[in-house]
Amino acid sequence: MVGATALALTGCGGGSGAAGGGGTLRLALNQTEEHPSFIALEDFGNRLTEGTDGRWGIEVYANETLGAQQEALQLVGADTVDMAIVAGPQLENLNEEFVAFNLPLVFDSIDHQMNVINNPDITGDLYSSLEDQNISVLGGLTAGTRNIYTSEGPITEPADLDGMKIRVQESPIHTEMIERMGGSATPMAYGEVYTALQSGVLDGAENNEVSYMTQKHYEVAGYFARTEHLIVPDYLVMSTERLADMSEADRAVFDAEWSAAIGEHTELWTGATDEAIAEAEAAGVQFNDVDDETFRAAVEPLVDQSLTSDTIRELYETTRAAAE
Ligand code: GCU
């Protein structure tokens, strides 16, 4: 009986190397090498190599060198790139149910977000929903709290954004969000934002403090309004086919080390945010608080409007219940 079970388990990995494939997994990232995601993913790769006696490794390609997120995601689906970090809106474009975690006001804090997006009881079906497109969603990292920054300012209420072109991620919901917040939304890939701000194609963008500093957006948009309008996840996605190449024992190491990487990333995040704020202040960036109520009122209708199916509503409501 024991022998039969062991055999069955060995056989169920699927993929060509079910009995123990290996190799260096190429991971597409759009951040710089100073960003907490790069650091935590590199450490993940090193521990994976150690734990699998060198059978598996990860090479993190920073700065969009394997493509911007939209393209990287397609390459993972095509099994051309093994893994990528992509933000929530990219997955929303493949399965609208992901919108539940991309809405304004859904997460109260990064801790709340992390408790939800890595809880398989909540995310199980959602994360396996893209496997027929060869995309396995393995869990999430925080992408911090997002705020609006502009080249002219300060911005304190929605009326101040009137006529301003503000970059958003490629997401219909985020486009509408900026319109409701008073601005004119321009969807664009992350790596293009600096030049667009510099040339005046954009008047502003929205992101967390770490991205604002590591992408050097502060050099060309020196007014930072603490709108705190979004806390969106980043996801680790992997080619489903490639994942099936892992033996069960190596997969266990992989899962444990990925889990450790999530913990490391969350810990690094707070320090990196404090550091980014200090550096921005030293560089002369003007931070200001905003009229929270007017911004909140502007985006609130988006939530109800986005709960278009039972699954989305349930994901949203379970998430809200986890905040209390
Ligand atoms: C953050 C996030 C990225 C995302 C980027 C963006 O940096 O971590 O995953 O791509 O914002 O605004 O595009």
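The paragraphs below go from the overall chain to its backbone details and then to the ligand. This is a predicted model, in which local features need pLDDT of at least 70 and side-chain atom pairs count only at pLDDT 80 or more, while totals for chains, interfaces and linings use all residues. Residues are numbered from 1 along each chain as its sequence is written, and side-chain values use heavy atoms, with hydrogens and water left out.

The chain contains 13 helices and 9 strands, where helices (H or I, at least four residues) and strands (E, at least two) are DSSP runs numbered from the N terminus. Its C-alpha atoms fill a box of roughly 70 × 40 × 35 Å along the principal axes. The radius of gyration of the chain is 20 Å, which agrees with the value near 20 Å for a compact globule of 324 residues; this radius is taken over C-alpha atoms, and the globule rule is 2.2 Å times the number of residues to the power 0.38.

In the loop between strand E4 (135–150) and strand E5 (165–168) lies Pro154, which is joined to Gly153 by a cis peptide bond with omega of about 0°. Leu105, in the loop between helix H4 (88–92) and helix H5 (110–117), has a positive phi of about 70° although it is not a glycine.

Turning to the ligand, 13 residues lie around it, of which Gln69, Arg146, Arg167, Ser211 and Asp234 come nearest; a residue counts as near if one of its heavy atoms lies within 4 Å. An oxygen atom of the ligand is 2.8 Å from an N or O atom in the side chain of Gln69, and the corresponding distance for the side chain of Gln31 is 3.0 Å, both being polar contacts (a pair of N or O atoms within 3.5 Å). Taken alone the ligand exposes 310 Å², of which the protein buries 99%, with accessible areas from the Shrake-Rupley method with a 1.4 Å probe.

Note on methods. A polar contact is a pair of N or O atoms within 3.5 Å; within protein, one must be able to donate a hydrogen and the other to accept it, and residues adjacent in sequence count only if both atoms are side-chain atoms.
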